[in-house]
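Let's walk through this one together, chain by chain.

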Amino acid sequence: MAELTTAVRATPTPPRTVRTSAALPGTRRARRYWLVLIGLALLAAAFGIALVVWDNPMPVGTAGFWRIVALRSKNVLVMLIVAFCQAMATVAFQTVTTNRIVTPSILGFESLYVAVQTGAIYLLGATGLTMLTGVPQFIGQIVLMVGLAVALYGWLLSGKHGNLHVLLLIGIIIGAGLGSVSTFLQRLLTPSEFDLLTARLFGSISSADADYLPIAVPLAAGAGLLLWRRARRLNVMALGRDVTTGLGLNHRRELVVVLVLVAVLMATSTALVGPMTFLGFLVATLAYQFADTHDHRHVLPVAVLTGFVVLSGAYFVMKNLFYAQGVVSIIIELVGGVTFLVVILRKGRL
Amino acid sequence: MITLDGVRKDYTSEVRIGPVDLAIPAGGITALIGPNGAGKSTLLTLIGRLLGLDAGTIEIAGYDVARTRSKDLAKVVSVLRQENHFITRLTVRQLVAFGRFPHSKGRLTAVDEEMISQAIDFFELADLEGRYLDELSGGQRQRAYVAMVLCQDTEFVLLDEPLNNLDMRHSVQMMKHLHRAAAELGRTIVIVLHDVNFASHYADYICAVKDGAVVEFGPCAQVMTAPVLTEVFDTPVQVIDGPNGPLAVYY
Amino acid sequence: MTTAVTPARPGSRTLFDWKLLLGTLAVLALLVGSLLIGVYDVFGAEDGSQMFAITRIPRTIALVLAGAAMSMCGLVMQLLTQNRFVEPTTTGTTEWAGLGLLVTMILFPSASILTRMSGAVIAAFLGTMLFFAFLRQVSLRSSLIVPIVGIMLGAVVGSVSTFVALQTDMLQNLGIWFAGSFTTVLRGQYEPLWIVAAVGVVVFLVADRFTVAGLGEEIATTVGVSYQRVVLLGTVLIALATGVVTVVVGNLPFLGLIVPNIVSMVRGDDLRSNLPWVCLLGIAIVTVCDLIGRTIIMPFEVPVSLILGVVGAAVFIILILRQRRHG
C-alpha cells in the first residue's frame with residue numbers, strides 16, 4: 001500500500017534531480033509527445049504533397065501540370081482550414097463546457113446553414129444556389145451564423161440564471177425546429193433541385209470556392225490565434241467554473257469570449273464546405289489520446305494536425321484507391337459517429 | 001479579517017440566507033457548523049465570490065468581494081468546493097501548480113516551482129507528485145486539492161467540508177495539516193465541518209449557522225455548550241470534558 | 001437530479017371526475033372537426049360517404065392512436081429515466097426506428113407493411129436499450145445533459161441512415177417517410193396502428209411499476225419489483241409504439257416530451273390520475289396540429305411533423321427556461 005508509506009512522517013524525501021510541473025513530466029512522456037507530433041506532421045505533409053502531385057495526368061513541368069497542381073493546392077488549403085477550424089473549435093468548446101462528448105456543431109450552425117440553402121432553392125429554384133455563391137453571400141452566411149450564436153449566448157448566459165446546459169439544449173432544439181422546416185421544404189423540391197441541394201448539404205472539399213479563401217484564411221487564423229493566446233486560461237477553464245473563479249478568472253467573460261471565437265471558427269468552416277457534424281468530435285477525441293496532457297498548448301497543435309491527417313488521408317485513400325472522393329465527408333461522419341457511440345458507452349461521468 | 005454586513009441571498013420565498021452580520025478575525029481556524037441545509041456551504045461560497053450576493057457587502061482584508069477584480073482577490077483568498085471532478089487528467093503536481101495561476105498566469109517561474117514543491121511537501125505528497133489524481137485514494141486526492149489552494153499562497157483559505165468521505169485517520173491527518181498551516185504559515189482558514197468535535201478540538205473560533213442565519217459566533221468554549229448546540233442542531237446535546245477539551249455527546 | 005418525477009400517490013385522486021369528462025368531450029369535438037374538415041366535400045359529392053370511410057375515419061382514428069401512443073411513450077421513458085426531458089426524439093429512438101425501416105426496405109424491397117414495421121420496432125428496441133445502458137453507466141451532474149447526449153446519438157444514427165439512403169438513391173424518399181404526416185393514412189394502410197392501442201392498455205396497467213423502476217434498481221428490488229423485467233417491458237412498449245407510428249405515420253417530434261410535462265405542470269405529479277390526461281392532451285395536440293396542417297395552405301397540406309417540430313420546439317424551450325428559473 002503506497003498510502004501507508006507516505007503516512008509515515010519521517011520518510012525523508014529522496015533527493016530529486018528536477019521537480020517540475022511541466023505539462024509533460026519526465027523525459028519519457030516528453031519524448032512520446034514530440035514523436036507523436038513529428039509523426040503527425042510528417043503524415044500531414046506526406047498526404048498534402050501526395051494529394052497535390054499524385055496521379056497528375058500531365059507531364060511534369062508543363063503548364064497543364066502546374067494548373068492541376070494549383071487547383072489541387074486549393075483543395076489542400078481548404079482541408080487545412082477546415083481541419084484547423086473544427087479541431088480548435090471543438091477542443092476549446094469541450095473545455096469550456098467541461099464535457100468531452102459535445103461538439104459545437106450541435107449548437108444549430110448546421111441547421112441554419114441547411115435551412116438557408118434549402119430555403120434558397122425552394123424559393124428561387126436552381127438560381128437560388130447561384131445567388132448564394134459569391135463573396136458577399138459567403139460573408140453574409142458567416143455573419144448570420146455568428147450572429148445567431150452571439151444572440152443565443154447573450155440571451156442565455158447573461159443574468160442571474162445563466163446556465164451553459166440550458167444554452168446547449170436550446171441551441172440543439174432551435175436546430176431541430178429549423179430541421180423540420182428544412183425537411184418540409186425538401187419534400188417540395190423537384191428531384192433535380194433536390195440533387196443540387198444534396199451536393200450542398202454534405203461537407204464537400206472540392207465545392208469550396210477559391211474566392212472565399214482570402215476571407216476564410218484570415219478569419220480562421222485570427223480566431224485561432226486569439227484562442228491560442230488563451231490556451232493557459234483554457235487549462236484553468238477545464239477545471240470548472242468554481243475553480244476558475246477561485247483562481248481569479250472572470251468565468252463568464254472567458255466563456256463568452258471563447259464561445260464567440262468557436263462560433264467564428266465553426267461558421268467559417270460550415271460556410272466554406274458545408275456541415276461536418278462529427279469531424280470535430282473525432283479529431284478532438286483522438287487528439288486527447290495522442291497528446292495525453294491537459295495543457296492546451298500541447299493539445300491544440302496535435303488536434304489540428306490530427307484533423308488534417310484524417311481529412312487529407314481519407315480524401316487521398318478514397319480518391320486514389322476507391323475512386324469515390326464524393327463520399328469522404330460522409331465516411332468521416334460515420335467514423336466520427338461510431339467513435340461517439342463508443343465514447344459514450346465507455347465514459348463514466350458527464 | 002472577513003466582515004459580512006447585511007449579507008442576503010434569496011433562492012425562493014421560503015429558502016434564503018441572511019441577513020448575516022459576521023466578523024471573522026484574521027489568524028487561526030474558524031469552523032462553520034450547523035445542521036444540513038443551514039446554509040454553511042452557501043455562506044462560504046458567498047465569501048469566496050463563487051455565488052453573487054443579493055444584498056449586503058462582504059469584505060476580505062478590506063477588499064469588497066463584489067467590487068474587487070477577481071484576479072486581485074485570487075491573491076487574497078482561495079476557496080475549495082466539496083465536489084471536484086475534472087475532465088482533464090492531471091498529476092498531483094500539475095494540479096497543485098494551478099494554485100500558482102493567479103501569480104504566474106500559467107507561466108511558471110523557478111520561484112513558483114519552489115512554492116509548489118513546498119506545498120506538496122507540506123502535505124506529504126512528494127512521493128505521489130507524479131501520480132495521476134484518478135490513481136489516488138480519496139484521502140490522498142483530498143490532500144492534493146487542499147495543497148492546491150494552499151499553494152495559491154493567500155492569507156485567507158476557505159474550505160467546504162474537506163473531511164467529507166474521509167475516514168477517521170485521514171480526517172485527523174487533514175485537520176493536523178490545516179492546524180499547522182494556520183499556526184506555522186499564518187493562514188486564516190475558514191472551514192465547513194460536519195463533526196462538532198473536530199471543530200471543538202482544531203478550530204479557534206466556531207460559527208454556528210441555522211436556517212441561513214448565524215446563531216452563535218465566538219471562541220470554541222463559548223459555542224461548545226449544551227444549550228447552544230442543542231438549539232442549533234435541534235437535538236439534545238450534552239457537552240462533557242474530554243481528555244483533549246470539550247466533547248459534544250448527542251446519542 | 002432536480003427534475004425527478006415524483007412517484008404516484010395511489011388513491012390521492014379519483015381516476016375519473018367531471019373535469020376529465022369535460023376534457024374528453026372537448027377532444028371528441030376536435031375529432032368531429034377532424035372528420036368534417038378537408039378539401040373533399042364529403043357531404044355534397046356523390047361518393048362522399050365512400051371517401052369519408054376511406055380517408056376521414058382512418059385518419060381520425062390514426063390521430064387518436066398515434067397521439068395517445070407517442071405521448072404515453074414519452075411518459076414511460078420519463079418515468080424509467082427519472083428525467084423530464086427524455087422522449088423518443090431526444091434519445092434517438094425515432095432515428096433508430098427510421099434506420100430499421102430503411103434497412104428493411106433495402107433488403108426486402110417488396111416487404112409488406114408488417115415486415116417493415118418489425119424492422120423498425122427491432123431497431124427502435126435495440127437503440128432504446130443502448131441509450132438506457134448508457135444512462136446506467138454514467139453518473140450525471142445535470143439532467144439537461146441527458147437530452148443533449150440523446151439528440152447527438154440520434155444525429156449519429158440519422159447520419160448512418162443518410163449515408164445508406166444516399167448510396168441507394170433513397171434520400172428524398174427518406175425525408176418523406178420521416179416527416180410525420182397523416183395525409184397518406186387510408187383504409188387498408190392504417191390498421192397496424194391498432195397495435196399501439198394495446199401498448200396504451202398495458203401502460204395503464206403497469207404504470208406504477210415504471211415509477212418504482214425509475215427510482216433505481218436497488219429501490220425497485222427492495223420493494224419487490226424486478227427491475228430488469230420492468231425496464232425490458234418498458235423498452236418493448238416504447239419500441240413497439242415508436243416503430244409502428246414511425247412506419248405508418250412518421251416522426252412526431254417532441255410530442256412525448258411536451259404532453260406529460262404540460263399535464264404535470266397543471267395537475268402536479270400524480271401519475272395514475274394524470275395518465276388519461278396525457279392520452280387526451282396527446283390526441284388533442286396532434287389533432288390540432290393536423291387540422292392546422294390541413295387548412296393553412298388549402299388545398300395543399302403541411303405535414304403535422306413540421307407544425308409539431310416548430311410548436312414543440314417552442315414549448316420545449318419554454319419548459320427549459322421555466323426549470324432554469326426554478327433552479
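Start where two chains meet: the contact draws 37 residues from chain B and 25 residues from chain A, two residues being in contact if their C-beta atoms, placed from the backbone, lie within 7 Å. On chain B's side, the elements giving two or more residues are helix H2 (70-73), strand S6 (77-80), helix H3 (92-98), helix H4 (101-104) and helix H5 (110-122). Helices (H or I, at least four residues) and strands (E, at least two) are DSSP runs, numbered from the N terminus. By class, this side of chain B splits into 15 nonpolar, 12 polar and 10 charged residues. Here Ala, Val, Leu, Ile, Met, Phe, Trp, Tyr, Cys and Pro are nonpolar, Asp, Glu, Lys and Arg are charged, and the others, Gly among them, are polar.

A quick word on what you're looking at: this is a predicted model, where local features need pLDDT of at least 70 and side-chain atom pairs count only at pLDDT 80 or more, while totals for chains, interfaces and linings use all residues. Residues are numbered from 1 along each chain as its sequence is written, with chains lettered from A and ligands numbered from 1 in the order in which they are written.

Stay with chain B and find its open sheet of 6 strands, which runs S6-S7-S8-S3-S9-S10 with mixed pairing; strands pair if DSSP finds at least two bridges between them. At the edges sit S6 and strand S10 (213-219) of chain B, each pairing on one side only. Further in, strand S3 (residues 28-33) and strand S9 (residues 205-210) of chain B pair in the parallel sense over 4 bridges. There, Leu32(B) stands opposite Cys207(B) in S9(B). Helix H6 (residues 138-151) of chain B packs on the sheet, touching S6 and strand S7 (156-160) of chain B, and its direction makes about 165° with that of S6(B). Axes are lines fitted to C-alpha atoms, for helices over the stretch in contact, and angles run from 0 to 180 degrees between N-to-C directions.

Now over to chain A. Helix H3 (residues 63-96) and helix H9 (residues 213-229) of chain A pack at about 30°, their axes 10 Å apart. H3(A) and H9(A) are therefore roughly parallel, the term for angles under 35 degrees. Among the residues making this contact are Phe84(A) of H3(A) and Gly224(A) of H9(A). The contact has 11 nonpolar, 1 polar and no charged residues.

Finally, chain C has 12 helices and 0 strands.

Key
Parallel < 35°, antiparallel > 145°, perpendicular 65-115°, else oblique.
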